[in-house]
Amino acid sequence: MSKWAARTALGLSNSVPGPLIEEQNITCQDDIISTSGSDMTDGCGTANRATTLAVSRTVDIETYSVAFQFRLGGLKGMALENSETSSKEPLKVVARPSQIKIRYPSSHHDPLDPTLRIIEILRLSYMRSPAAISAEAIINLADNGVPSHIFVNLLKANLKGVVAVLTTWDGPDAMYNLWTAVERAGAVLHSRRAREAVGEARARGLSSYSNEDDDDDEDDEDGMKYDIGQECSKAWWADQISGCPSSLEETVLVLLDAGFRPQDSPIVREKLKQVVKGAVNNQTCKYRYELAQSAISFVVPGNVLSVRFRTTVLELILMIDPHNVLGPDEIHVKSSRRNFQMQDDILTDIVLGEVLVSCYAKFVSEMFMQSQLTRNPCKLPTDVRKVRAMEHPLLRSYTDVIVCSVQGHRRLLDFLAGGDLGDYDGDTATVIWTPEIVEHFKNADEKYSNEPKTLDICFTSDHNEKVPDFLTRTSSLSPLEKTLAVQTYLLGALRDPSVIGNYSTMHDNAVYHLGYSHPHTIRLAYKFCKVLDSSKTGLTIRPEIFQSDFATYHNSRVPWKEKLDSQKNATSYTSRKVNLPFTRRVKRSQYIKGEFIMDILDNAGRKERNAILADIDKSLFGPLDVVSDPHLTQPWEDATKAAEVGDPRVVQAMQGDLMKIRNHVELVYREYKAYRANKGKGFTNMPIENRQDILRKLSKHFTSYPTPSNMEVHTDTTLISRLRASYAFVFDLQQNARGFTPWSRFPWDLAMRELCLIKANALGPSKTVTTGFYERFKLSRR
């Protein structure tokens, strides 16, 4: 029943309707099974070129994808293009038995039912470079031989790079480069596009992705961090009344492209300061470092299915690694564009080196180099493995995927996913070819990739049952009772989600206290993997086992992890000050290899962060001598001057109009300050929905008066908006002139769009665009 409930969830995940395929063109081919019983093609079938082309065009992305994750009838998994087929053929899909998730009875439906022949697109293949490594990967790399100074240097280089791009304000293209750097820091364009296409975000490869995201233990079955529709709620949309964005980085972009500069604008200066601080804290507290020589992509098995028609008979020919292109522990990594950085800073499209080898009495130029493959969550010594990245003409069309060998006794993902949990059903992996890391890394003993004996006795399936048994048991129940019984399984994953977090914590503590490869640590890692997969397997940890593990290994987080959690502001369990020895490192043990790498990075990161923040506070983000902006005050000053001369009756009417604007702005200012005063510092910490509700209410009030019907001379709506915004800026400066901070966010929160319009027009030629166009714009590289 647990497996049935997991299959039910498949039909509820986001997808994009793709092309319709004829029933006779949906065929099945056996999986490739190794001599030891490992399924080398688990979760991945093939499709002809016509199908991959139709799927790519449906999603309408810029690049052509040779693989895609899909649902089709009762099938789910990846489909890899067969490069030997033609785009002129009928659409065809060749599935594997491992992709069959739902088996329909023969009489269940009409075989020609179009709803079961539509390819539902989940995600398309992509290749992102550079990629980033998380804390778990760093611990693994360090335990497998990579010296600590390499990670310290990586931390410093990442910090230096992040700060440099955000604090370089001079030069002919400085503001354009700054705009690009801020956009990347906040993943603004991705977030905008994901908000616009909630249901299609997964297929388009969009998400609320940030370079600092690090929730390795929370991937769902399709590899998503979370449901995009849930995370990108309406609360994150810009205020359409005031034009003020919700996110910090997006606000900086709106100000920069309107012409404001951090050299002379206090609002840009302050918000950019927070962006820099956030970036520095992320680098030093989340332990997620970008590697220039790395990439992340989907993983697929390296086999080719050739599909040909002979009259009315469908002939399937299976070719497994022709010419022994990929042997055991060999992969193929090629991008559709030149975005792989090599040691000499040259960009290429493939990870390679060059040697000459002999193959079947012919000389084949095979170029290879050592690489490392890693997958998250990364809790076992074997979760990172050294392999060889190869190139061969027969594989050159397979771009933006990581192709693994189907030879050997086990599939590669068996080593990278906590033992037999990895498959090719949409799993992604990171490839690293940084020489100083690869050079020192040593593969861990394969014994760690095998589940410890007797682990099964720690779990029970007593609360799970077969579907026929469930139907028999509930046959005599009322409809309400049946519904409640079904919900027991459908909502089973919600019963005790803290178990996953607890075992992740216990594993962290064991790594710190006992060592990464200690038998107890390995056992906890496998328990975590089983608990993580329990919603599909129906296995649950025995209460007495959990209580024993909790009493032995659980405590308040080790220092470096506790700081990481405070950054995330999220814990799924109650921390207790127990087992304090587990917050200390055992000095003498064959499993302890010197000072813990995360302690080293914690100390180095703290020193670097403090030095950087102190330096930029003095050199870049000190208070401005002049906070006023003549461009923003000019509309109001011109209007007040114009209301002093001329016909007395006109002057009186004009002054009356300005008084209405003045009184209304001052009224809203007092309301704004009252809201902020009531909430105090808590306003910033409020949920975004609550903050947005308050600010939208105020901006709506701000723009509601005066209207043309209330005015005698200034009856143009555009003029009223301009004067109202200008006076809001003037009045705010007057009210805060003697304060510690001689300005506030008031005019920007309530009149951002109008202030930006005033600034852009004052600076010279400008172009007015609608929001829909603006949010799709992206700066091109020069």
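The model is predicted, so local features need pLDDT of at least 70 and side-chain atom pairs pLDDT 80 or more, while totals for chains, interfaces and linings use all residues. Residues are numbered from 1 along each chain as its sequence is written, and side-chain values use heavy atoms, without hydrogens or water.

On a 1 Å grid over the protein atoms alone, a cavity is a set of points where a 1.4 Å probe fits but cannot get out; a pocket is an open set with protein on both sides within 12 Å along at least five of seven lines; lining residues have an atom within 4 Å of a point. Points join across faces, edges and corners, and a volume is the space filled by probe spheres set on them.

Five cavities of 30 Å³ or more are present. Helix 14 (498-513) and helix 3 (135-143) each supply at least two lining residues. Helix 14 gives the most, with four. Helices (H or I, at least four residues) and strands (E, at least two) are DSSP runs, numbered from the N terminus.

The second largest pocket has a volume of about 1,300 Å³. Of its 37 lining residues, Val 254, Asp 257, Ala 258, Lys 767 and Tyr 774 are the closest to its centre. Helix 25 gives the most to this lining, with seven residues.

**Surface**

Trp 4, Val 467, Leu 471, Leu 490 and Leu 491 form a nonpolar surface patch with about 440 Å² of accessible area together. Areas come from the Shrake-Rupley method with a 1.4 Å probe, and for residues only the protein chains shown count as cover. Trp 4 lies in helix 1 (residues 2-10).

**Backbone**

Most residues other than glycine have a negative phi, and most peptide bonds are trans. The exceptions here include these:

| Site | Feature | Angle |
|---|---|---|
| Ser 129 to Pro 130 | cis peptide bond | omega near 5 degrees |
| Tyr 705 to Pro 706 | cis peptide bond | omega near -5 degrees |
| Ala 187 | positive phi | about 45 degrees |
| Thr 454 | positive phi | near 70 degrees |

Pro 130 sits in the loop between strand 8 (127-128) and strand 9 (131-133). Pro 706 lies in the loop between helix 23 (688-703) and helix 24 (717-735).

Notes: Patch = residues over 30% accessible without salt bridge, like charges linked within 9 Å, V, L, I, M, F, W, Y side chains within 5 Å. Salt bridge = Lys/Arg side-chain N within 4 Å of Asp/Glu carboxyl O.
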